[in-house]
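Subject: Structure handover

Hello,

Here is the structure I promised to pass on. Please open it alongside this email, and then read on for what was found.

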Amino acid sequence: SEMCIRDRFKDGPKNAIYLNRKGIDTKVLSYVPYYGPIVGHLIRHGEAVSISDYFTVWENDKAVYRPTVHYAYNLCDSAIASLEELRHRNYKPQPVMKVIGDEITCGRDVLGVLLMGHHYKAWWAGSMLGIEETRQIVDHQNATTLQVAISAVTSMQWAITHPNEGVVYPDDIDHQFIIDGALPFLGPFVSLQCDWSPLASLQERATFVYTKEAQLKTEDQWQ
């Protein structure tokens, strides 16, 4: 999918850009342990902006280092079919909608972070929570809602025990406090090295089209 920069922020830390298409129509490469390479949807998320700002290195009011941070959502088959139907309707929501609950009988939500660009090449860490483990903890729920809810609950616990901190970003909260509170609810938690880079997939497929300004540079695997 062609990805063009439409505009840049003119104020603030300037660590985000606009794209000229919807996130659900913008594809990005990523990797998940035990599953392999994926082509995900670049869905906007606040943490993708705040994390890149948090880890920016400044020298004399100039950003000299800043990581690229984005989400990559790979949907299940039913969600892909629903999304394709939405595209056919020119993004007008379907007239009948149903939130799937107890009908889910199998599957898991693989939610983690893929860190690349270091001497380990790539490292993935995250939750691989299945529907069976979820319902042993909370009836009538699915893995996604439990992963989201437990992070919100532990964040509120942190806020209660730190009442004078004021307004903070998630990046400013003690991560160990959140992990200790959430880990018992996240099912199998995986942290391991991955022998993968985006070039490995780009050289094997013709999924992505490049503009003149953004040609593939094979000498730079972390572009």
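Start where helix 2 ends. Helix 2 is followed by Asn 90, and the phi of Asn 90 is positive, near 55°. Please bear in mind that this is a predicted model.

**Helix 2 and Asn 90**

Helix 2 covers residues 77-88. It has twelve residues and spans 17 Å from its first C-alpha to its last, close to the 16 Å expected at 1.5 Å a residue. Asn 90 sits in the loop that leads from helix 2 to strand 7 (108-116). Its positive phi occurs in a residue other than glycine. As background, most residues other than glycine have a negative phi. Asn 90 counts as exposed, at 63% relative accessibility.

**Asn 60**

Asn 60 also has a positive phi, about 55°, although it is not a glycine. Look for Asn 60 in the loop between strand 5 and strand 6. Its relative accessibility is 80%, so Asn 60 counts as exposed.

**The surface around strand 5**

Strand 5 takes in residues 57-59, and Val 57 belongs to it. Val 57 is partly exposed, with a relative accessible area of 37%. Val 57 is also part of a nonpolar patch on the surface.

**Val 69**

Next, go to the loop between strand 6 (62-65) and helix 2, where Val 69 is placed. Val 69 is partly exposed, with a relative accessible area of 27%. Leaving aside residues up to four places away in sequence, Val 69 touches Ala 48, Ile 51 and Ser 52. Asn 15 is 54 residues from Val 69 in sequence, yet the two are 9.7 Å apart in space, C-alpha to C-alpha.

**Thr 134**

Is Thr 134 buried or exposed? Thr 134 is buried, with a relative accessible area of 0%. Its place is in helix 3, which runs over residues 131-137. Thr 134 touches Leu 129, Gln 141, Asn 142, Ala 143 and Leu 146, again not counting residues up to four places away in sequence.

**Cysteines**

How many disulfides does the structure hold? It holds zero. Cys 76 is in no disulfide, and the nearest cysteine sulfur is that of Cys 106, 9.9 Å away. A disulfide needs two cysteine sulfur atoms within 2.5 Å. The sulfur of Cys 106 has its closest cysteine sulfur in Cys 76, and at 9.9 Å that is too far for a bond. Cys 76 is exposed, with a relative accessible area of 51%. Cys 106 counts as exposed too, at 57% relative accessibility.

**The chain as a whole**

The protein chain has six helices and nine strands. Of its 223 residues, 26% count as buried. The chain exposes about 15400 Å², and carbon and sulfur atoms supply 55% of that area. Now take the contacts with a separation of 6 or more: residues 24 or more positions apart account for 54% of them.

Best wishes

Key. Residues numbered from 1 in each chain as written. Predicted model: local features only at pLDDT ≥ 70, side-chain atom pairs only at ≥ 80, totals over all residues. Heavy atoms only, no water. Buried < 20%, exposed > 50% of the residue type's maximum accessible area, 1.4 Å probe, protein only. Helix = DSSP H or I, 4+ residues; strand = E, 2+ residues; numbered from the N terminus. Contact = heavy atoms within 4.5 Å. Expected span 1.5 Å × (residues − 1). Patch = residues over 30% accessible without salt bridge, like charges linked within 9 Å, V, L, I, M, F, W, Y side chains within 5 Å. Areas by Shrake-Rupley, 256 points an atom, 1.4 Å probe, with all protein chains shown as cover. Salt bridge = Lys/Arg side-chain N within 4 Å of Asp/Glu carboxyl O.
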